[in-house]
Amino acid sequence: MPQKTLITGASSGFGRGTALELARQGQEVIAAAETWPQVRSLREDARAAEVDLTVIKLNLRDDIDIAHAASFDVDTLVLNAGVMEGGAVVDIPLQRVRESFDINVFGHLELVQAIAPKMIERQQGRIVWTSSMGGILVVPFLGAYCATKHAIEALAGSMKAELEPFGIKVATVNPGVFNTGFNDTGAESYVQWYDAETAQVPMPDFGPSLADQADPQEMIDAMVETIVSEDPDYRTMRPQETVAAAKQWQETEWTQKA
C-alpha cells in the first residue's frame, strides 16, 4: 500500500536517491531541499526520471519553512538533512558548532514535534533519523559533527521507547564513508576560519580517508528498505565492514586508558 513520506535534505546524496527510488516504487514523496535553486533542480531530476515528486523548500532554521513542511500529513518522516564541519574541538568556532546543532538536531526536532502528534492521534507512523557511523564512534577533527549525531542517537533511542505504545516505529540509518560529496564538503569546511599559525591543534590531511569512498547506492537501498519494510531494524549501518569497526570502537571505550 503506498505511503506518504517526507524526506529532508533531498537535494543530493542519500536523500535524493531515496526520494527518487521511493517515487519509482509508487510511494507518495515530499522531497525537501534547503534552497529554491535546489528545489527547481530536484523537480527537473524527477521529470528526467519520469517519477512524481512533490518538492518543497525547507531550511531547517526557518520557522515558516518548518511550519509548511509540517502541514503535510505523512506516514513516514525521514530526517536526513545535515551539515558536517571539520576542526579540532578546541579550535572550531562556536558559531559553526551551533549551526551544526541547529540543522542536524534542533531543526529536525522541531519538525518532529510538529508532525508526531498527528501520528500519535492515528496510532501509526514511522520516523527515521539519518545518523552516522559518527553517531556510534568518534572521528578525530570531526568532533562537532559526531556530537550532533550522538545527540540524534539519544533522541532516537528515547523516541523509540516513548512512541512505541502509539504504534509508531523509530529507526536510525548510519552511513559510513560514501561518495556523495558530503564527506568532501566536511573535509574542506574548516579552511575559511583555520589559521595554522594560531591553531592549538594542527589539522591533518583528510585526503587518504576520502580516497576509497563507497558507492552510495548501497546506503540508498538500505534506507529505502528501512522506510518501506513492515518490520525494519532499529539501526541500519552500511557499508557492512563499518559495523565491525563501530562495535570494536564500543568495546574499546570500556578498556582504553585516558
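Here, contact means heavy atoms within 4.5 Å. Helices (H or I, at least four residues) and strands (E, at least two) are DSSP runs, numbered from the N terminus. This is a predicted model, so local features need pLDDT of at least 70 and side-chain atom pairs count only at pLDDT 80 or more, while totals for chains, interfaces and linings use all residues. Residues are numbered from 1 along each chain as its sequence is written, and side-chain values use heavy atoms, with hydrogens and water left out.

**Helix α7 and its neighbours**

- Helix α7 covers residues 217-228, twelve residues in all, and reaches 16 Å from its first C-alpha to its last. That is close to the 16 Å expected at 1.5 Å a residue, where the expected span is 1.5 Å times one less than the number of residues.
- M219, I220, A222, M223, V224, T226 and I227 are the buried residues of α7; buried means under 20% relative accessible area, exposed over 50%, and partly exposed in between (1.4 Å probe, protein chains only).
- Among the elements covering those buried α7 residues are β1 (4-7), α1, β4 (76-79), β5, β6 and β7.
- E218 also sits in α7, but counts as partly exposed at 31% relative accessibility.
- Leaving aside residues up to four places away in sequence, E218 touches F178, R238, P239 and Q240.
- Between the C-alpha atoms of E218 and A33 there are 22 Å, with the two residues 185 apart along the chain.

**T236 in strand β7**

- T236 belongs to strand β7, residues 235-238, and is buried at 7% relative accessibility.
- Its side chain makes a polar contact with the side chain of T226, at 3.4 Å. A polar contact is a pair of N or O atoms within 3.5 Å; within protein, one must be able to donate a hydrogen and the other to accept it, and residues adjacent in sequence count only if both atoms are side-chain atoms.
- T236 touches T172, V173, N174, M219, A222 and T226, again not counting residues up to four places away in sequence.

**Helix α5**

- Helix α5 (residues 143-163) has 21 residues and spans 30 Å from first C-alpha to last, close to the 30 Å expected at 1.5 Å a residue.
- The buried set in α5 is G143, A144, Y145, C146, T148, K149, I152, E153, A156, M159 and L163.
- These buried α5 residues pack against α4 (94-122), β5 (125-130), β6 (168-175), α6 (182-188) and β7.

**Two residues of helix α4**

- S100 is in helix α4 and is buried, with a relative accessible area of 1%.
- The side chain of S100 reaches the backbone oxygen of R96 at 2.9 Å.
- S100 touches V83, E85, V105 and T148, not counting residues up to four places away in sequence.
- K118 is in helix α4 too, but is partly exposed, with a relative accessible area of 25%.
- A polar atom of the K118 side chain lies 2.3 Å from the backbone oxygen of A70.
- K118 touches A70, S71, F72 and D73, with residues up to four places away in sequence not counted.
- K118 and F72 are 46 residues apart along the chain, and 10.0 Å separates their C-alpha atoms.

**The largest pocket**

- The largest pocket has a volume of about 990 Å³. On a 1 Å grid over the protein atoms alone, a pocket is an open set of points with protein on both sides within 12 Å along at least five of seven lines, and lining residues have an atom within 4 Å of a point.
- Of the 44 residues lining the largest pocket, G82, V83, M84, Y145 and F182 are the closest to its centre.
- Two or more lining residues come from each of α1 (13-24), α4, α5 and α6, and α6 gives the most, with five.
- Grid points are joined across faces, edges and corners, and the volume is the space filled by probe spheres set on the points.

**Aromatic rings**

- Rings of Phe, Tyr and Trp (its six-membered ring) pair if their centres lie within 6.5 Å; planes under 30 degrees apart count as stacked, over 60 as edge-to-face and the rest as tilted.
- By this rule there are five aromatic pairs. One of them is Y190 with Y194, edge-to-face at 5.4 Å centre to centre and 85° between the planes.
- W193 and Y194 also pair edge-to-face, with 6.1 Å centre to centre and 80° between the planes.
- Y190, W193 and Y194 form one aromatic cluster, and Y190 is buried, with a relative accessible area of 14%.

How values were computed:
On a 1 Å grid over the protein atoms alone, a cavity is a set of points where a 1.4 Å probe fits but cannot get out, and a pocket is an open set with protein on both sides within 12 Å along at least five of seven lines; lining residues have an atom within 4 Å of a point.
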